[in-house]
Amino acid sequence: MGFKCGIVGLPNVGKSTLFNALTKTAAAQAANYPFCTIEPNTGDVAVPDPRLMDIARIAKSANIVPTRLTFVDIAGLVRGASTGEGLGNQFLANIREVDAIAHVLRCFEDDDITHVAGAIDPVADAQTVETELMLSDLESLERRATAVRKKAQSGDKDAKADLELMEGALALLREGRPARELAVDEADKRAFKMLNLLTSKPLLYVLNVDEASAATGNALSEKAAAMAEEAGAAWVMISAGIEAEIAQLPPEEQAEYLAELGLEEPGLDRLIRAGYGLLDLITFFTAGPKEARAWTIRKGTHAPQAAGVIHSDFERGFIRAQTIAFSDFTTLGGETAAREAGRARDEGKDYTVADGDVILFKFNT
């Protein structure tokens, strides 16, 4: 089960520098000209979770395997992308393939790095990209709605339901509002997702500041943060330049460097966790002498489906799940102690897995 978060934004805002830091590689070229990234670059990153280390220590696990999140570096959008300007059509198609959007906004001044609009304004940049995504959605929906409307008029129930969702999204888009603002009933969420609208994807703003502003922010990041909060969107402040430097340091030197900058942890850790939360994901754990491992599922997943993330046979032959809360596992000192204290629960098919559960699945092969 893979989850992808696409890194988007205007050219020269720091997307590829950020991606390089995320993946600790030079896979994405960071260059001072538009469209230096032509093909999307993809990298898997470990999701920082200190709970896994605690579980591994208690279970005396030989190997530790974190859960992972995929980031996709997508080339810069420009005004007119929805009509093919720049490399618009290609870029928009790449965005459709991701589950969520991390929108990088330039919140730093640097005369040596050009800006396609000629002025640094993160709010205007955000509006430019969002407008292009809305125009692309509007054109796509209007075209598809014509065929769906004919089916609905002939009495097709599924078409009627789809048309209602389409018309709701179209009404918002024509008002200049993203499709994610549409109130969708739980029963219709799957159908709405199948519309694959760019502006329906969860959105996280990444405020890219200079080194001097990494700990406190600046006027530009404050302006961008206010815009994000007004829109009800999540945001993370980060200095991509600093993160690129940290990524090249040995682990023992990273903490010292962060302390000198007045930072408690790498901004990338906050970004990865924010992206993880943006996708409505949670983590459960398995642990034993051979391996302690973190697994990713969507919030609300039942025990058999969680078992299926490990192996399809586990889901097909599911019997029950011995479940221990993380706090009980660590406080009591592991599986045996938790079981003796009555804190290991046997859960059935209707159990909704909670974040942090340490689970041993029982199944028939």
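Mentor: Take His-103, which sits in strand 5 (residues 100-107). This is a predicted model, so local features need pLDDT of at least 70 and side-chain atom pairs pLDDT 80 or more, while totals for chains, interfaces and linings use all residues. Residues are numbered from 1 along each chain as its sequence is written, and side-chain values use heavy atoms, leaving out hydrogens and water.

Trainee: How many helices and strands does the protein chain have?

Mentor: There are 14 helices and 12 strands.

Trainee: Back to His-103: is it buried or exposed?

Mentor: Go by relative accessible area: under 20% is buried, over 50% exposed, and in between partly exposed (1.4 Å probe, protein chains only). His-103 comes out at 4%, so it is buried. Across the protein chain, 49% of the 365 residues count as buried.

Trainee: What does His-103 touch, beyond residues up to four places away in sequence?

Mentor: For a contact, look for heavy atoms within 4.5 Å. His-103 touches Val-8 and Gly-9, then Asp-125, Ala-126 and Val-129, and also Leu-203, Leu-204, Tyr-205 and Val-206.

Trainee: Which residues have the most contacts inside the largest nonpolar core?

Mentor: The general idea is that nonpolar side chains tend to be buried together in soluble globular proteins. A core here is a set of buried Ala, Val, Leu, Ile, Met, Phe, Trp, Tyr and Cys residues joined through side-chain atoms within 4.5 Å. The largest one has 54 residues, and Leu-18, Leu-22, Leu-69 and Tyr-205 have the most contacts inside it. Leaving out neighbours within four places in sequence, the contacts of Leu-69 include Phe-3, Val-45, Val-47, Ile-272, Tyr-276 and Leu-279. A second, separate core has 18 residues, among them Met-134, Leu-141, Leu-163 and Val-184.

Trainee: At what angle do helix 1 and helix 8 pack?

Mentor: For helix 1 (residues 15-23) and helix 8 (residues 240-247) that gives about 30 degrees, with the axes 8 Å apart. So helix 1 is roughly parallel to helix 8 (under 35 degrees is roughly parallel, over 145 roughly antiparallel, 65 to 115 roughly perpendicular, the rest oblique). Thr-17, Leu-18 and Ala-21 of helix 1 meet Ala-240, Gly-241, Glu-243, Ala-244 and Ala-247 of helix 8.

Trainee: And how far apart are the axes of helix 8 and helix 9?

Mentor: They are 10 Å apart, and helix 8 packs on helix 9 (residues 251-261) at about 155 degrees. Helix 8 is therefore roughly antiparallel to helix 9. Here helix 8 uses Ile-242, Glu-245 and Ile-246, and helix 9 uses Gln-254, Tyr-257, Leu-258 and Leu-261.

Trainee: What about loops: where does Asp-357 lie?

Mentor: In the loop between strand 11 (345-347) and strand 12 (358-363). Asp-357 is buried, at 3% relative accessible area.

Trainee: Which phi value does Asn-196 have?

Mentor: A positive one, about 55 degrees, although Asn-196 is not a glycine. Asn-196 lies in the loop between helix 6 (189-194) and strand 6 (203-209), and is partly exposed at 29%. Asp-280, not a glycine either, has a positive phi of about 60 degrees. You'll find Asp-280 in the loop between helix 10 (267-278) and strand 8 (281-287), partly exposed at 37%.

Notes: Axes are lines fitted to C-alpha atoms, for helices over the stretch in contact, and angles run from 0 to 180 degrees between N-to-C directions. Helices (H or I, at least four residues) and strands (E, at least two) are DSSP runs, numbered from the N terminus.
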